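Thank you all for making the time this morning. Please have a look at it now.

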Amino acid sequence: MKLKKISAVVLCVLLCVSLASCSGLDATVSEKLDVTQIGEEQQPSEEILHEKIELADSDNNKLTVVPVFDKDGVTVIGGYVESAVDSQGNALEASAFELIGQVIALSKNEAGNVVISYDENNSIVLMHALFDEEGNIIALLDVTDVDKDGDKAEYFQVLSQIDIQDNLFIKLDTDENGNLINVTVEQEEDGTTAVVQQDGKKVTVVEDKPNKSSGGNTASGNDTNTSKRENHIILGKNSTAKTTAKSGVSISEGLVKITEAKNYVVTSDTNEWHGRIVVTLPNTAECEIRFENVNISYNKGNILQIQDSSIETERTFLETEVEATDSMDDAIKQIAESNMAPNVDLVFPTGTSSTFHSTANSYTGVIYNESKLTLKGNGSLTVESRTNADNCLCSTKSVTIKNLTLDMTTAANTSTHKLAAASGSAKGIFSYGKVTIESGNVNIKTNGDAIRCDDFYCKGGVASIVSSACDAIDTDDRIHISGGNITCIALEKSSFKVRRVNNTVNGVADTNLKVRLDENNQIRDYFKITAGTVVGESKKLTEVTIADQANILAKIKKSTSNSSTDGAISADDSSRRQIITIKNSSGALVKASQNKCTKFLYSSYALSENEEYTAVGDSTTTPAAVDWDTKIGEAKIKSTR
């Protein structure tokens, strides 16, 4: 595969607040401060739950929550509601479902199960939460009187909020009156911590051991005096730029080069900056680049280029305007096969909106990456490739998306014809490693594969992945969906494809790309759904091989001949596509496809193995019953056309 993630750097921007008694989620911020990670602190208990929790409310909506723990490190007392679906498995929007983005009180019942806490009016109990700029909880109001002291107006000592991807631990220390003393952020992987202390109205930074990747304390992204911000890069008019960095940044017309591992902030003094940013770092480096409302356009290649300087190889493929040759692909593979890589976070803070749009025929993408890359922040990023060959993001390593609102579009993303190889069929994300959607809102529209990678994981968030002519998600090894709400549409090809599974099931002779077993004789390659809401609409589909919740796969039956005497239509007849509708035993609508398709996959907690379902096409008179095979139900629908 040609041109195919990251333990995130510790989040270090904390909100220090005046902790007055209040209700709701809108915290009054008295001061914001970026702090350098420091020192070593005691690790939280190893018994802490490392998984998100899925809970049903009294209306049978299913909430996906991130657990928040008592100071004992074991007792779950609250949960941040990341997303929710209704009883039919449809995603609920934050604008219509007020619990999304809030913290609800949780407890354990007599059976030891985590349950939602309700008040005397049968309303869910909300816990006033204070967040940092990355969306991490740093304080909770003790509305359920967890410490049993009769005071519900004090702020609660939260030991930790587990971030599944980054192993991020947060500790809040308060005095006997519930006033904030200090907040500690700790990342398990490297032991670095950040501490903010509050003494009355005075906020100070305690620094024992500076983080190796930081050049010192960085002023807040909301600092009005931007000229004093350290490691600040300001994009200007006529492709110019300037920086406050004392080293590690060089600037020429239309080019910004970053060569030192620091935390950088990029802003703009112009509506649209024309040029590129090139980041070159050794494989031991950790770097964070924050983009605040920048609009970058370029017509000569990658807009953002991240290179691993530890690998000495010619990168002539970076300038190619067509698919890489074999020799170029060998160079790419050499980089992809390296065991180490820099850790780079691209951060798009809350309230910001940035755009990268390219008019270059650059096969290596609007963004080219050789690092373990995380795209994160509660802001938004739009990536547009406006020529046929230009992919949105090409990576030799893994890519993780967290909290971000990410929109990717390629040229001809509405065309149903795959473009010629010489001119493209541009992809959204093309990675030699794994692609993980941790959380956020991801929208990808392409003409080529929307996501092409070795492994794909969806753990949360909402994703709409659409390819007009190729596959929505195309992987070599595995797809695993364990949370979130994901819809994949590929009416000309596969909505979900796992090549090893396809080759094994279909008896393909390529033994180098068949399902493998690990040392315990367990299957390593699969299409697995363990939680979440999954919709696939397509012409082809790798069938689910492992499931922890019920799945329905409805297929419009195709004829083995040109005859339609059996009620089917030949495979090459586009009229075989139909709107497919799934109903329950009462005849109530469960789910229907958005588009006419020949294969419709629906998986949700709302489906029950004990219920009888039927699936029909829009021109089918005889419903096809769903017969369950373990947790996977299949219906073959005959066409009457």
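Let me begin with pLDDT, which is the predictor's confidence in each residue, on a scale from 0 to 100, and with contact, which means heavy atoms within 4.5 Å. What you see is a predicted model, in which local features need pLDDT of at least 70 and side-chain atom pairs count only at pLDDT 80 or more, while totals for chains, interfaces and linings use all residues. Residues are numbered from 1 along each chain as its sequence is written, and side-chain values use heavy atoms, with hydrogens and water left out.

Over residues 159-170 the pLDDT stays under 50, and for this stretch the model has 72 contacts beyond four places in sequence. The pLDDT also stays under 50 over residues 563-572, where the model has 24 contacts beyond four places in sequence. Where pLDDT is low, the predicted coordinates should not be read in detail. For the protein chain as a whole, the average pLDDT is 77, and 70% of the residues score at least 70.

Now to the interior. I will call a residue buried if it has under 20% relative accessible area, exposed if over 50%, and partly exposed in between, using a 1.4 Å probe and protein chains only. A nonpolar core is then a set of buried Ala, Val, Leu, Ile, Met, Phe, Trp, Tyr and Cys residues joined through side-chain atoms within 4.5 Å. Helices (H or I, at least four residues) and strands (E, at least two) are DSSP runs, numbered from the N terminus.

Which residues of the largest nonpolar core touch the most other members? They are Phe-291, Phe-356, Phe-456, Ile-465, Ile-486 and Phe-496, out of 70 residues in that core. Strand S38, residues 473-494, supplies the largest share of this core, namely six residues. There is also a second, separate core of 20 residues, including Ile-552, Ala-554, Leu-607 and Ala-635.

Next, the aromatic rings. Rings of Phe, Tyr and Trp (its six-membered ring) pair if their centres lie within 6.5 Å; planes under 30 degrees apart count as stacked, over 60 as edge-to-face and the rest as tilted. A search of the whole structure finds five aromatic pairs. In one of them, Phe-291 and Phe-348 have ring centres 5.5 Å apart and planes at 15°, so this pair is stacked. Phe-291 belongs to strand S22 (residues 286-291), whereas Phe-348 is in the loop between strand S25 (343-347) and strand S26 (353-358), so the pair ties together parts that are 57 residues apart in sequence.

Another pair is Tyr-613 and Trp-628, whose ring centres are 6.2 Å apart with planes at 80°, so the pair is edge-to-face. Are these two residues buried or partly exposed? Tyr-613 is buried, because its relative accessible area is 3%, whereas Trp-628 is partly exposed because its value is 23%.

Let us stay with Tyr-613, which lies in the loop between S47 and S48. Its C-alpha atom is separated by 5.8 Å from that of Ser-585, although the two residues are 28 residues apart along the chain. Not counting residues up to four places away in sequence, Tyr-613 touches several residues, among them Ile-552, Ile-582, Leu-607 and Trp-628. A polar contact is a pair of N or O atoms within 3.5 Å; within protein, one must be able to donate a hydrogen and the other to accept it, and residues adjacent in sequence count only if both atoms are side-chain atoms. The side chain of Tyr-613 makes such a contact, reaching the backbone nitrogen of Ser-608 at 2.9 Å.

Strand S47 holds Phe-600, which counts as buried because its relative accessibility is 0%. Phe-600 and Gly-536 are 64 residues apart in sequence, yet they are 5.6 Å apart in space, C-alpha to C-alpha. Beyond four places in sequence, the residues that Phe-600 touches include Ile-552, Ala-554 and Ile-582.

I will finish with Gln-102, in the loop between strand S5 (76-85) and strand S6 (103-108). Gln-102 counts as buried because its relative accessibility is 14%, and its side chain reaches the backbone oxygen of Glu-98 at 2.8 Å.
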